[in-house]
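I opened the model to look up a few strand pairings, a helix pair and a chain contact. My entries follow.

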Amino acid sequence: MTAVNGLWTTSVGSFGKPPELLKARADHAAGRISDQDLDALERAATERWIRFQEEIGVDILVDGEMYRGDMATYFAEEMAGFEIGGLVRSYGNRYYRKPIAVGGIRRTHPITVDWWKYAQSLTSRPVKGMLTGPYTIADWSFDEHYGSRRDFVLDLARAIHEEAMDLAAAGARFVQIDEPAASARMEELPLVAEAMAIVTDGLEAHAITHICYGDFMRAYPTMLDIPVDQIDLEMTNSNFDLLERFRDIPFTKAIGLGVVDVHSHRIESVDEVVRGIKLALEVLPPDQIFVDPDCGLKTRTVDETEAKMRVVVQAVRQVRDELGIGDELPDGKPTEGRHRGAPVPA
Amino acid sequence: MRYHRPRYLEDDAPASMPPALSRRTIRTTLGALMFATLVGAYPRTPLPGHPFRLRAAYGQLERGEIDAAGFRSVQDDLIRELVAEQEAAGLEPLTDGGIRAEDPLTYVARGLEGFEISGLLRYFDTNTYFRQPRAIAEPRWTRPITVEDWRFAASTTKKAVKQNVIGPYTLGRLSDAGEIAQQRLTLALAEALNHELHALAAAGCPLIQVDEDGATLIGEDREQRALFREAQRILLDGFGSNGTHVSLAITMGNADKAGEDTIFDAPYASYLFDLIAGPDNWRLIARAPGERGIICGVVDARNTALDTKEVLIWAAHYAASTGGRGLARVGLSPSASLEYLPRDRALAKIKVLGEAARLAAMAPSEELAQALDPRAVDIRSAAFGRYAPTARKAAEEAQAAQPAEELA
């Protein structure tokens, strides 16, 4: 029996969509194919990604979000109180339809539960429930109704809480609530935490939040006040700089360690990824580390997505073998880390 | 109140006045007292129901189906369209919408020597990202970067066209300085970009806007304040009397904590301030030297709700009242790049902007009175750029609007 388990492999949520699905989504938007035709292709692509993750040996799987476009807009489309606006650019040649709050926001039906059940039915390994957090949905929407960011965020928190509870009731042991916008405004980190407390209240699952592309140096350690069991961070893009801070101010939760850049066509070498994992092991024990790409891989092609995921798994395997670390999974219950916030200065 | 023609549109404007919009193209085309202009960028997305040719062209370029010239011609067509759209809304000076730049930092950094382009970073608190430039040597200017872009946009209209250039402080602050200290990088950038400004002036560009959103990060840090001042002095070396109007734009938040001594130290002719994300920038406007122009960024560039023209006019007149400035030295603009909005909303906003500038310049008249809603201007809406009646007032207004027989 291995003494220590850890370095569990997973991914942040989205994978590249196969070309036939991209075409089908465009055809569906233009009214050339039916809902049923699109749904069949989305299910086929989901199954393909579940099989791929099993084949390469990922520990905690995702459904790849074959049925989603933008991560905020997807939820807004399904909730009462939103209209979907026109395209806006996020970077380069990437655009998304930005939601507009035009009334009080509320959930009218489960949004992701059927997709989670479908993905979980395809595998015996755990599949993560994937949600977008209330702060990010609000921040990435226009507001023509509330006039108060807090009111907007907290209404969304109540809606996302209902969805999270339904996922857990369906059997999800890991639920990720993405908050990529959380590190954009330091003064609003308490609001992020307040909203997340609503989302995770009574949630009997391992709760994760994902944060990326912000000013981590300023957001740390306040980000630890967000009541989740694990914080998933983009680390490669920021050269693993944040790890140094953990020497002075310990990271109090499990970490999702981003080890490959999702915005580069280049495929990292196994050695590069091993170096990143070993940097983390200097400041955190293996059972506090989950290993994944920096962010969702939806901007990559299928081939690039596969290649990057293979490198992640191979690197983890190499480090586990070298250091004698096991791969037995955590039970997916809430941990003490959920309410372990930023250390109080002495 | 008496209205008069802008002093700096006159040929006999005193030499002490800032180099004016008047001295070149604008004097012959800008007939109004007030003006309205974009901060810079405009949505490159199409209006609803129209094909998205630029996005398709990116894909075609990547797949080798079109060459660089073919791609540029698609950009050219879009710039013609956007310039015409601004012109029709009554804006001037116009911009090319920032169409050629993937983002304002990277575009200039790629044009200089001494940078490589690194990872993706969020631009301030937006959901828009840029690739971070990383200094690998002290940056050097070797060729014009934006001059041909300006020439093309200017060739598409008889109106004046301005050119945006990222400022040295912001580029230095948001870049990875690598082995170079931030101070050295910033001052080297100031020197490099001074060449760019002179190249634009030599090409006949009548108005250059230096974008320094990084000024919102200075706060009370003495070293950063000094660095900002020094960088602007180097950047503007040789300007002030050469006939080119150089403006400083600060969006994305409050810059007032940097102090007026920092912001107004360099001899910029005018200043554009974001007054939505940075309402405390009104403090700077109140302290701005009266001979400097002020452009009020009061159209909310980051929300779709339409702005009321009354608030815009109020802002223009308030800015005009500070320091004895007068309306002749005041303009209106969005609070930031309009690229944060869908195209149809951006278009609706620039129509309000153009109309507000037209009305602000009018002498008091029956038409002006009828065009404005006096209830729309209060302290809150002035600060937040939006009129929203209280629930009680809204109910009263709704009741008042009902036919008398329904009230019986």
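Which residue in β8(A) does Gln176(A) stand opposite? I looked, and Gln176(A) faces Ile208(A).

Ground rules. This is a predicted model, where local features need pLDDT of at least 70, side-chain atom pairs count only at pLDDT 80 or more, and totals for chains, interfaces and linings use all residues. Residues are numbered from 1 along each chain as its sequence is written, and chains are lettered from A and ligands numbered from 1 in the order in which they are written.

Entry: the sheet. I traced strand β7 (residues 174-178) of chain A and found a parallel pairing with strand β8 (residues 206-211) of chain A, over three bridges. Two strands pair if DSSP finds at least two bridges between them. Strands (E, at least two residues) and helices (H or I, at least four) are DSSP runs, numbered from the N terminus. The open sheet has seven strands, in the order β2-β11-β10-β9-β8-β7-β5 (chain A), with parallel pairing. I noted β2 (8-9) and β5 (129-132) of chain A as its edge strands, each pairing on one side only.

Entry: the hairpin. Strands β3 (79-91) and β4 (94-107) of chain A pair antiparallel over nine bridges. Two residues lie between them in this hairpin. Gly92(A), in the turn, has a positive phi of about 50°. I found Arg94(A) as the bridge partner of Tyr91(A).

Entry: Ser90(A). I placed Ser90(A) in strand β3 of chain A. Is Ser90(A) buried, exposed or in between? Ser90(A) counts as partly exposed because it has 18 C-beta neighbours inside 10 Å; the cut-offs are 20 or more for buried and 12 or fewer for exposed, with C-beta atoms placed from the backbone. Beyond four places in sequence, Ser90(A) is in contact (C-beta atoms, placed from the backbone, within 7 Å) with Tyr95(A), Tyr96(A), Asn127(B), Thr128(B) and Tyr129(B).

Entry: the chain contact. I get 26 residues of chain B in contact with 25 residues of chain A. On the side of chain B that touches chain A, β2(B) gives the most, with four residues.

Entry: two helices. The axes of α1 (19-29) and α2 (35-56) of chain A come within 10 Å and cross at roughly 155°. Axes are lines fitted to C-alpha atoms over the stretch in contact, and angles run from 0 to 180 degrees between N-to-C directions. α1(A) and α2(A) are therefore roughly antiparallel, a class for angles over 145 degrees. Among the residues that meet, I listed Leu21(A) and Ala24(A) from α1(A), and Leu38(A) and Leu41(A) from α2(A).

Terms used:
Contact = placed C-beta atoms within 7 Å. Parallel < 35°, antiparallel > 145°, perpendicular 65-115°, else oblique.
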